[in-house]
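Reader: Please take me closely through one part of this assembly. I want the symmetry and what surrounds it.

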Protein chains: 4
Amino acid sequence: MSDNRIRVTVWNEYGDGQKKPPVSDVYPEGLHETIAGFLNKDKGITAKTAVLSDPEQGLSEDALNNTDVLVWWGHMNHHLVEDQNVARVVEHVLRGMGVVFLHSAHISKPFKALLGTSGHLSWREADERTRLWAVNPAHPIAEGVPVNFVIDHEEMYSEPFGIPEPQTTVFISWFQGGNVFRSGVTFQRENGRIFYFQPGHETNPTYHNEVVQRVITNAVKWARPCIRSSGPVSVCPNDQEPLEKL
Amino acid sequence: MSDNRIRVTVWNEYGDGQKKPPVSDVYPEGLHETIAGFLNKDKGITAKTAVLSDPEQGLSEDALNNTDVLVWWGHMNHHLVEDQNVARVVEHVLRGMGVVFLHSAHISKPFKALLGTSGHLSWREADERTRLWAVNPAHPIAEGVPVNFVIDHEEMYSEPFGIPEPQTTVFISWFQGGNVFRSGVTFQRENGRIFYFQPGHETNPTYHNEVVQRVITNAVKWARPCIRSSGPVSVCPNDQEPLEKL
Amino acid sequence: MSDNRIRVTVWNEYGDGQKKPPVSDVYPEGLHETIAGFLNKDKGITAKTAVLSDPEQGLSEDALNNTDVLVWWGHMNHHLVEDQNVARVVEHVLRGMGVVFLHSAHISKPFKALLGTSGHLSWREADERTRLWAVNPAHPIAEGVPVNFVIDHEEMYSEPFGIPEPQTTVFISWFQGGNVFRSGVTFQRENGRIFYFQPGHETNPTYHNEVVQRVITNAVKWARPCIRSSGPVSVCPNDQEPLEKL
Amino acid sequence: MSDNRIRVTVWNEYGDGQKKPPVSDVYPEGLHETIAGFLNKDKGITAKTAVLSDPEQGLSEDALNNTDVLVWWGHMNHHLVEDQNVARVVEHVLRGMGVVFLHSAHISKPFKALLGTSGHLSWREADERTRLWAVNPAHPIAEGVPVNFVIDHEEMYSEPFGIPEPQTTVFISWFQGGNVFRSGVTFQRENGRIFYFQPGHETNPTYHNEVVQRVITNAVKWARPCIRSSGPVSVCPNDQEPLEKL
């Protein structure tokens with residue numbers, strides 16, 4: 001079978017708090033199902049879901065081997081993700097698997113391990129208005145996205161944001177309360193492409209917003225691996241035989 | 001004499017509009033004199049001024065040879081700067097002279113020639129409030145600058161900003177009217193360091209603001225040349241003799 | 001008709017020197033025809049050619065409007081390209097047209113105008129061996145390209161190379177005579193993507209090399225516009241009406 | 001006392017292999033003492049040493065609190081550095097401490113944790129000749145360094161190098177056997193500046209080379225903290241009170 005679709009796994013911690021109001025009012029089957037749902041509307045993508053309570057926390061070798069792009073949503077249970085599973089995610093990203101980190105994933109273990117920083121920021125839950133500006137409108141992740149668009153109610157995340165200088169800053173957010181945030185940023189770690197996108201507080205209907213859906217769909221396509229190593233990346237081979245005569 | 005101070009030339013178009021109210025109310029002797037004035041308070045800096053009406057538009061070979069860092073303010077008269085003088089500025093930057101572009105210099109000829117882009121943006125004159133956020137507080141240009149600070153009245157400049165991806169984004173501005181802007185960005189072009197800083201509309205007292213003064217003073221120190229070529233940069237020497245045996 | 005192929009124009013100065021031996025021995029119909037020839041083997045690409053002696057030097061508004069990616073080869077006649085045509089190329093790149101600069105295009109007028117630097121380097125014509133290393137093997141331009149490959153005879157280009165810090169360094173070249181060179185580098189200027197690739201001296205059969213062909217084909221695909229402005233980029237619109245209440 | 005010197009700690013694993021020939025022939029008191037020795041010749045620097053066998057492996061809270069720039073040399077004993085000490089080094093870098101990683105430190109635990117990559121490369125011990133090219137001769141780390149310089153005998157490290165795209169590539173190395181390597185690269189992680197420098201195999205007298213000494217001395221000065229947080233970086237404060245009226 002010649003299925004060339006991008007295989008996405010949408011991972012969500014899906015803790016108890018997500019299974020009752022007010023979160024379940026907005027995402028009755030969990031944020032992961034909403035996200036996988038809109039991704040699956042794209043004929044070039046096939047998206048599955050995984051949650052923390054799955055065997056091997058949904059991050060088995062087999063699951064990652066069959067994932068082109070991992071989408072990660074976590075907020076309250078970062079500490080419950082086991083280090084061996086984090087290491088496996090990192091290894092697969094370095095081999096080539098793409099990853100899209102959403103919202104509170106800025107302090108998830110894989111985010112911090114891949115970026116090498118703390119991901120710190122300051123925040124405010126005031127359901128305030130935010131405007132996202134596409135500062136690099138020619139980037140593939142901004143394709144078809146208005147130069148600026150509004151989300152009426154979101155959690156505020158503010159600079160300074162504890163990340164390395166991004167490879168590309170695609171979006172910067174304005175917040176009603178006076179803050180700004182680099183809300184859409186790209187990185188590469190060895191073979192793997194990384195995108196972080198800020199919107200998506202669990203009590204706001206952000207992932208039902210069509211522009212947000214477009215951004216995440218674009219990001220999945222952008223993060224698709226160009227190459228993928230089959231073995232561990234950390235091996236340093238001895239090339240004892242010179243290519244040119246010494 | 002062992003004067004190790006940084007030699008700054010503050011260049012201003014200083015058109016007729018600047019010589020009468022409301023501009024002259026705020027900057028009685030011109031923006032350039034205010035800027036040179038606060039720079040000269042730093043014992044490591046010696047600042048002169050130059051204006052468009054000077055011989056060779058204040059940009060003679062001799063003037064540039066004796067300038068470590070050029071500070072550029074222009075708004076209405078970009079088109080009057082002669083191309084040969086622009087070429088001379090560009091050449092000196094490539095050889096190592098630092099340059100700090102202020103406010104409307106985003107569409108000055110040297111800015112566009114050095115960055116290779118149009119510098120386009122959208123703008124609004126509404127004297128609105130702006131907040132600058134130091135998104136890279138560890139950058140030398142942000143030293144001693146609060147993580148966020150307010151300018152009560154400024155011209156609004158908005159993304160998307162027609163610049164290359166900056167080497168470092170130091171400041172991002174929030175505007176009351178809903179816009180954001182990468183307001184402090186660094187670039188390097190061959191040996192020369194470049195900083196663009198957005199605040200400084202001529203009818204606002206922005207350059208009297210001590211935090212703004214600190215930023216520009218820091219920028220001058222950061223932009224000081226590490227090396228400076230004495231001859232033209234565009235020469236491509238023939239190294240016909242190989243370093244290693246062929 | 002739903003032709004979704006990338007429209008490429010391969011531009012070559014094609015001076016008299018190229019029309020006789022030794023160049024014509026290697027490229028009987030000109031370098032541009034060889035390059036267009038292998039590009040046209042890719043079913044996703046349709047490539048035309050243009051030369052300096054064409055009307056409007058092959059760079060008319062109409063020609064550029066119908067070009068998704070421009071491939072540029074020039075060496076001895078950079079100075080003959082008229083400034084108005086250079087400005088038109090730059091404008092189209094800023095609007096979104098991709099451009100691939102080959103070999104001696106490092107001192108072509110459009111290259112220098114877009115990068116803002118002189119493109120200087122040192123060089124040696126000794127037909128020496130060069131090895132290209134894919135330092136970012138996961139970049140789309142390196143897809144299907146060996147981690148290192150040899151070109152037996154090439155002109156040497158050496159660091160320091162007068163370019164801005166690249167957005168991505170894809171290839172670095174080793175030269176037999178002791179030199180290194182960042183031989184495959186990417187940039188973005190507003191909407192337009194830029195790739196520079198070093199190999200391609202006119203007396204060497206470099207563009208007949210299948211790996212080189214693969215790199216240039218990849219580069220064309222990578223440089224395809226994501227968006228393209230229909231009008232001038234240099235306009236700075238007045239957004240006098242704030243998005244949010246002042 | 002107003003001592004404004006940069007406080008450097010030169011850390012070396014200093015395993016048994018370093019205490020006997022051939023290493024002790026070249027570095028009788030250990031690589032760390034040689035490195036600290038030439039750093040201390042600079043009147044702006046005061047350098048101490050620390051080794052793996054010290055209490056808390058030489059990486060105590062007190063030691064790091066009193067270190068402006070950490071220089072790290074390790075090769076065979078990376079695995080012996082305890083994770084809690086690695087975490088402490090990373091935390092201090094994020095707060096602002098500079099770090100210079102030498103040679104085999106490319107797979108040390110702090111290097112990998114800060115960069116988020118594996119640091120993989122290929123290598124050859126053939127005592128071959130290497131040439132370092134300053135590709136960014138205007139960078140402070142290249143100040144006073146020739147545009148190219150030779151080390152007669154070194155271990156070969158080859159691309160592809162498993163690092164993120166550097167903030168700045170300062171040096172690229174040519175190796176006699178046909179390889180190239182980005183041998184001097186900078187990164188920033190939150191407040192901390194990072195420099196990696198490739199030369200320095202323990203059986204070669206590389207750190208006795210005056211140009212190498214100049215590079216490392218420059219790097220220490222460049223990596224000096226601009227700001228340094230006194231507390232943990234990973235805290236995400238709640239700014240519940242908006243700066244502007246909602």
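Which residue of chain A comes closest to the rotation axis between chain A and chain D?

Author: G116(A) does, with its C-alpha at 2.6 Å from that axis. First, the ground rules. This is a predicted model, where local features need pLDDT of at least 70 and side-chain atom pairs count only at pLDDT 80 or more, while totals for chains, interfaces and linings use all residues. Residues are numbered from 1 along each chain as its sequence is written, and chains are lettered from A and ligands numbered from 1 in the order in which they are written.

The contact takes 39 residues from chain A and 39 from chain D (a contact puts C-beta atoms, placed from the backbone, within 7 Å). On the chain A side, helix 5 (109-115), strand 5 (122-134) and strand 8 (180-189) each supply at least two residues (DSSP runs, H or I of at least four residues for helices and E of at least two for strands, numbered from the N terminus). Strand 5 of chain A gives the most, with five residues. The side of chain A that touches chain D holds 16 nonpolar, 16 polar and seven charged residues (Asp, Glu, Lys and Arg are charged; Ala, Val, Leu, Ile, Met, Phe, Trp, Tyr, Cys and Pro nonpolar; the others, Gly among them, polar).

Chain B has its own axis with chain A. Again the turn is 180°, the shift 0.0 Å and the RMSD 0.0 Å. Here W174(A) is the residue of chain A closest to the axis, at 3.3 Å (C-alpha). Of the contact residues of chain A, 100% recur in chain B.

Finally, the sheet of chain B. Nine strands form an open sheet in the order 2-1-3-4-9-8-7-5-6, with mixed pairing (pairing takes at least two DSSP bridges). Strand 5 (residues 122-134) of chain B runs antiparallel to strand 6, and eight bridges join them. Across that pair, E128(B) stands opposite E154(B) of strand 6. Helix 6 (residues 210-223) of chain B packs on the sheet, touching strands that include strand 1 (6-12) and strand 9 (192-197).

Definitions and conventions
Copies are superposed by least squares on the C-alpha atoms of residues with pLDDT of at least 70 in both. Two residues are in contact if their C-beta atoms, placed from the backbone, lie within 7 Å. Axes are lines fitted to C-alpha atoms, for helices over the stretch in contact, and angles run from 0 to 180 degrees between N-to-C directions.
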